[in-house]
Amino acid sequence: MRRSRHITPASRSSDVRNGEPTPADSLLYLLHLPDDYDADPDRRWPLVLFLHGSGERGTDVELAAVHGPPSLADAGQEFPFVLVTPQCGESSQWVAELSTLSVLLDEVVAEHRIDASRISVTGLSMGGFGAWSLAVRYPDRFASIAPICGGLWMQSAAPLRDVPVWAFHGDADDVVPFSATEQIISELRGLGADARFTRYAGVGHDSWTETYENPELYDWLLSHRRHV
């Protein structure tokens with residue numbers, strides 16, 4: 001996959017200095033395009049937004065690609081979607097960046113050939129919290145979501161009743177309690193939602209490595225389409 005670096009909002013790019021904190025309401029991000037992105041100028045591509053964990057915050061956007069899909073893409077794996085990987089500032093967290101993430105999606109959709117009916121979000125740990133919260137805030141944006149070892153803070157998951165969910169969590173997680181995901185899934189299932197849950201028996205906080213190495217996850221994400 002072809003990789004490039006960007007900042008959102010694009011209008012703030014002149015305000016960013018290497019190694020310095022990004023301005024408020026701005027995010028550095030990596031963009032991976034499939035190798036055959038330019039083969040068919042009429043083709044529109046699914047988009048997957050990946051949100052990293054707290055350990056990858058900072059001013060070096062390369063850290064955002066340490067785990068998950070961007071790491072696999074950098075290692076040579078080809079994905080049939082556009083992959084967007086923003087980096088959260090060191091003093092922030094994803095639940096405080098929801099509006100900026102929405103702007104990021106707007107800009108990528110406007111600048112690239114994206115199928116707006118096939119946008120998904122996934123994330124791990126702090127990024128799992130971010131994926132849940134972003135989809136709760138903007139449920140009409142997403143065709144599917146896949147939060148890993150995350151949760152919600154003082155929020156109901158009810159806005160996601162029509163959004164397909166596949167959540168993952170290790171039941172021996174000593175950083176984010178397994179119950180954080182279990183409670184959300186219970187609420188969604190009570191609402192009749194399409195809520196799938198993979199429980200990793202005896203697995204601690206790192207429930208993302210096995211998840212992101214599973215091709216079934218990507219098939220599942222791409223199998224959904226929302227009405228636009």
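Ser120 touches Leu47, Val48, Leu49, Phe142, Ser144 and Leu221, leaving aside residues up to four places away in sequence; contact means heavy atoms within 4.5 Å. The model is predicted, so local features need pLDDT of at least 70 and side-chain atom pairs count only at pLDDT 80 or more, while totals for chains, interfaces and linings use all residues. Residues are numbered from 1 along each chain as its sequence is written, and side-chain values use heavy atoms, with hydrogens and water left out.

Ser120 is placed in strand 5. Helices (H or I, at least four residues) and strands (E, at least two) are DSSP runs, numbered from the N terminus. The relative accessible area of Ser120 is 2%, so the residue is buried. Buried means under 20% relative accessible area, exposed over 50%, and partly exposed in between (1.4 Å probe, protein chains only). The side chain of Ser120 makes a polar contact with the side chain of Ser144, at 2.8 Å. A polar contact is a pair of N or O atoms within 3.5 Å; within protein, one must be able to donate a hydrogen and the other to accept it, and residues adjacent in sequence count only if both atoms are side-chain atoms. Ser120 and Leu222 are 102 residues apart along the chain, yet their C-alpha atoms are separated by 8.1 Å.

Helix 2 has buried residues Leu98, Thr100, Leu101, Ser102, Leu104, Leu105, Glu107 and Val108. These buried residues pack against strand 1 (2-8), strand 2 (27-33), strand 3 (45-51), strand 4 (82-87), strand 5 (114-124) and helix 3.

The structure holds 10 aromatic pairs. Rings of Phe, Tyr and Trp (its six-membered ring) pair if their centres lie within 6.5 Å; planes under 30 degrees apart count as stacked, over 60 as edge-to-face and the rest as tilted. Phe79 and Phe81 are stacked, because their ring centres lie 4.9 Å apart and their planes meet at 20 degrees. Phe79 is buried at 2% relative accessibility, and Phe81 is buried at 0%. Phe129 and Trp153 also stack, at 4.4 Å centre to centre and 20 degrees between the planes. This pair links distant parts of the chain, 24 residues apart: Phe129 lies in helix 3 (residues 126-137), Trp153 in the loop between strand 6 (144-148) and strand 7 (165-170). Phe129 is buried at 10%, whereas Trp153 is partly exposed at 46%. Ring pairs also join Trp166, Phe168, Tyr200 and Trp220 into a cluster.
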